[in-house]
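This report describes selected local features of one protein model. The sequence and structure are shown first, and the discussion follows.

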Amino acid sequence: MTIAFAGNPNCGKTTLFNAYTGASLKVANWPGVTVEKKEGTYTCNGQQHTLVDLPGMYSLSTYTIEERVSRQFLLSGAADVVINVADASCLSRSLYLTLQLIEAERPVVLALNMMDILKKRGQRLDLEHLSQLLGIPVIPVCARRREGISALIKKALCADTVQQNPVPPFSHIPAEERFAWIEFVVDACLTGRRRAARTDRADALLLHPLWGTCIFFIIMAAVFLVTFSLGDLAKAPLEFGLDRLCSAARQGLDALCTTPWLISLIVDGILSGVGSILTFLPNIILLFFALSLLEDSGYMARVAYIMDGIMGSLGLSGRAFLPMLLGMGCTVPAVMASRTLETRRDRLRVILITPFMSCSARLPVYILLAGAFFGKYASLAALSMYGIGLLTAAAMAWFTKNVGKKEKQAPLVLELPDYKAPSPRTVILYVWEKIRDYLTRAGTTIFLASILLWILLHVGPSGFVSSMENSFAAWVGQKIEPLLVPCGLGMWQIAVALIAGIAAKEVVISSLAVLLGISNISSAAGMDALRSVLAAYGFGPINAYALMVFVLLYIPCAAALATICSETKSRLWTAGAAALQIGAAWILSALVYQIGSLFL
Amino acid sequence: MIQAKRLLDCQTGDRFTVSQIRLEESLCHRLQALGIVPGCQIHVLYKKRIGTMVIRCRGARYALGAGAAKGIAGVRAI
């Protein structure tokens with residue numbers, strides 16, 4: 001049996017899906033988190049059933065891409081039963097889709113989620129009466145606390161055999177009359193007067209025309225400052241451990257009489273490369289912890305309202321800022337989140353500008369370079385990257401405002417959910433997923449990139465080379481080096497690190513560690529060594545800042561490019577976006593270096 | 001006293017009854033699905049100078065851009 005979860009955005013479909021299938025799909029408190037159809041299995045009495053989590057939709061008349069996915073699936077008849085998840089705290093609107101689903105002539109079970117919010121508001125719902133009026137089973141659930149989920153699935157599994165009473169035929173009736181009937185149903189079932197919620201009081205401050213914007217920028221600055229400063233404190237034990245591990249590995253391998261090239265590959269290539277990335281894990285955890293609090297509290301959707309004015313002057317609605325904000329975590333889901341935008345032109349523009357937002361993979365590069373070259377101003381230098389990324393994205397949006405066929409700008413229409421205390425389960429799951437991604441990347445992409453780079457640095461046209469200067473990697477780096485001279489990055493090692501960084505941005509660090517022969521590069525001693533090695537090439541703070549700007553703006557990573565390609569369905573467009581990113585990185589870092597050199 | 005106007009002209013705290021929606025078809029469908037249809041009551045909770053507003057309709061809160069608010073006509077109850 002195939003059971004589909006359908007309902008309005010942000011009503012708890014994915015939370016229920018995760019509860020049944022054991023999946024850990026991302027959930028958060030803002031509409032539009034799920035943009036893809038996902039399938040999972042649920043076994044009951046030895047029988048396997050397919051569960052399908054659909055992106056949220058307000059009605060079967062679609063507005064955005066992800067809604068089209070849900071509509072197509074529901075109307076294809078692929079689902080044997082539809083579990084219509086509805087937000088009990090917003091029953092009138094939820095029931096509009098319920099009526100359409102009933103009309104689609106598939107067995108429907110109504111899962112009423114968020115009953116706890118109704119209770120807090122001092123309201124009560126007569127579920128039996130609601131079930132009678134709608135003619136379908138109604139089951140109360142609390143998806144977050146996993147209450148009522150076994151009753152719901154039991155009802156769904158026998159729903160296709162239960163005769164459902166038809167509701168009044170609405171097929172050709174205007175929406176006004178449907179809502180009049182819905183209001184009649186709600187009035188008949190819902191009792192109690194709505195008490196003013198905490199959300200109203202919080203919004204009075206957070207959505208204030210002036211304070212709201214100030215608070216948003218203060219929150220974002222605080223998120224990144226906490227990420228840098230607290231993360232640095234937690235990093236020390238990891239650096240110490242890595243240092244010990246490198247020494248122990250070298251001694252152990254020496255004792256085993258391993259050949260010097262193998263010791264070098266393991267210690268200088270793999271341990272220095274991968275290890276240096278792992279020491280940034282505390283920063284990454286803190287960043288995603290803070291972002292998950294923002295997402296799960298309900299504040300995220302408010303940001304669209306706060307930013308609507310600024311985004312409007314760039315020809316986009318405030319909603320377009322949500323993918324940009326997600327881009328501060330990772331570019332890949334951020335590019336996919338552009339699906340929630342209404343017009344193709346807006347989607348393409350957001351896909352173009354989102355990669356300029358500084359993702360978490362760039363964070364270790366800033367921490368390392370700012371820590372090595374800017375001393376007590378390191379956090380400020382790193383924070384400025386987020387500002388430069390945001391301004392570059394805004395400038396690019398402004399430039400593209402009048403490019404191409406002009407379409408009417410789709411105005412902001414976005415639901416603002418109630419604020420709620422972030423769920424520990426959601427936050428832990430979200431952060432754990434990010435940790436897993438980071439460790440997987442360290443163990444695969446960065447591990448392989450470190451080995452490949454070590455080989456390319458030790459093998460040249462004449463075979464195994466003793467000096468890196470004669471290696472294949474150096475040959476490629478030396479060809480590109482002249483192009484980077486105007487940016488103050490005229491070193492073949494930096495050219496190689498930047499090319500390697502296309503695999504994943506963290507690889508810039510692991511590559512620098514391998515290229516410059518610095519083990520434990522992220523430790524205080526490693527940073528000192530980095531500064532002195534680079535100083536020998538005339539590389540100072542301005543060069544370091546130019547390098548940070550270049551890393552911020554050039555191609556985010558191969559995975560991001562692949563996502564851009566699949567979302568735009570155009571290789572030409574993807575190549576254009578990559579060229580634009582490299583061009584912007586070159587121009588801005590050259591500007592930073594040239595102007596900076598005039599003053600310092 | 002009752003005044004006929006656009007939702008865009010309302011201020012924070014105003015209550016508004018929708019009489020007509022004149023917007024692009026797809027946007028009309030979206031508003032319709034949210035329950036913003038002729039006859040419904042809207043409470044303007046917050047409004048920015050540029051016209052973007054937060055409204056309450058049928059118990060839910062929505063952020064609405066000026067482009068949408070100017071196409072919603074109705075009467076404001078004072």
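## Residues with positive phi

Asn520(A) is buried at 3% relative accessibility, where buried means under 20% relative accessible area, exposed over 50% and partly exposed in between (1.4 Å probe, protein chains only). Asn520(A) sits in the loop joining α22 (507-515) and α23 (524-535) of chain A; helices (H or I, at least four residues) and strands (E, at least two) are DSSP runs numbered from the N terminus. Although Asn520(A) is not a glycine, its phi is positive, about 50°. Most residues other than glycine have a negative phi.

Met114(A), likewise not a glycine, has a positive phi near 60°. This residue belongs to the loop between β5 and α4 (115-120) of chain A, and Met114(A) counts as buried at 16% relative accessibility.

## Basis of the values

The model is predicted: local features need pLDDT of at least 70, side-chain atom pairs count only at pLDDT 80 or more, and totals for chains, interfaces and linings use all residues. Residues are numbered from 1 along each chain as its sequence is written, chains are lettered from A and ligands numbered from 1 in the order in which they are written, and side-chain values use heavy atoms, with hydrogens and water left out.

Strand β5 (residues 108-113) of chain A is largely enclosed by the rest of the structure, because six of its six residues are buried. One side carries Val108(A), Leu110(A) and Leu112(A), the other Val109(A), Ala111(A) and Asn113(A), and both faces are covered. Val108(A) has a relative accessible area of 0%. Its C-alpha lies 19 Å from that of Lys38(A), a residue 70 positions away in sequence.

Strand β4 (residues 81-87) of chain A pairs with β5(A) in the parallel sense over six bridges; pairing requires at least two DSSP bridges between two strands. Within this pair, Ala86(A) has Leu112(A) as its bridge partner.
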